[in-house]
Amino acid sequence: MSLVCVATLTSRVKGFHAYKKGADIGIKLHCEPEPENPICRKAIIVKNKDGDIVGHVPDLLAHALAPEISGGSIASVEAIVTGEPRSAPEGTWVIGGGN
């Protein structure tokens, strides 16, 4: 019998303002590693049920989760939208956390 652990974390979705894909309150999203990301090899994308990218897990959280997902310690990561999207102010750019 394998051990299943469920944890709840509260976070934002980074880059929602750039992707502008559907993510209504209450919708379940899927998170998966994106090792080919040119800015950060530990990036984790957030996708809606149609497979559209909604955004990314924030860098600090992604850096903690990515090795555990890739190593098999975490089987899957899901997210549920709990709040309305907020847009970044015009002209604001967020630079990733590196590799």
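Which residues does E34 touch, not counting residues up to four places away in sequence? I looked and found C40, R41, A43, I44, I45 and H56, with contact taken as heavy atoms within 4.5 Å.

A note on the source: this is a predicted model, where local features need pLDDT of at least 70, side-chain atom pairs count only at pLDDT 80 or more, and totals for chains, interfaces and linings use all residues. Residues are numbered from 1 along each chain as its sequence is written, and side-chain values use heavy atoms, leaving out hydrogens and water.

**E34**

I placed E34 in the loop between β1 (28-33) and β2 (44-47); strands here are DSSP runs (E, at least two residues) and helices likewise (H or I, at least four), numbered from the N terminus. E34 is buried (under 20% relative accessible area, 1.4 Å probe, protein chains only). I then checked for a salt bridge (a side-chain nitrogen of Lys or Arg within 4 Å of a carboxyl oxygen of Asp or Glu) and found none, K47 being the nearest side chain of opposite charge at 8.1 Å. Lys and Arg count as positive, Asp and Glu as negative, while His and the chain ends are not counted. My next find was a polar contact between the side chains of E34 and H56, at 2.8 Å (N or O atoms within 3.5 Å, one able to donate a hydrogen and the other to accept it; residues adjacent in sequence count only if both atoms are side-chain atoms).

**The sheet**

I traced 4 strands in an open, antiparallel sheet, ordered β3-β2-β1-β4; strands pair if DSSP finds at least two bridges between them. At the edges I noted β3 (53-56) and β4 (77-80), each pairing on one side only. β1 and β4 pair over 4 bridges, and I saw K28 opposite I80 in β4.

Notes
Buried < 20%, exposed > 50% of the residue type's maximum accessible area, 1.4 Å probe, protein only.
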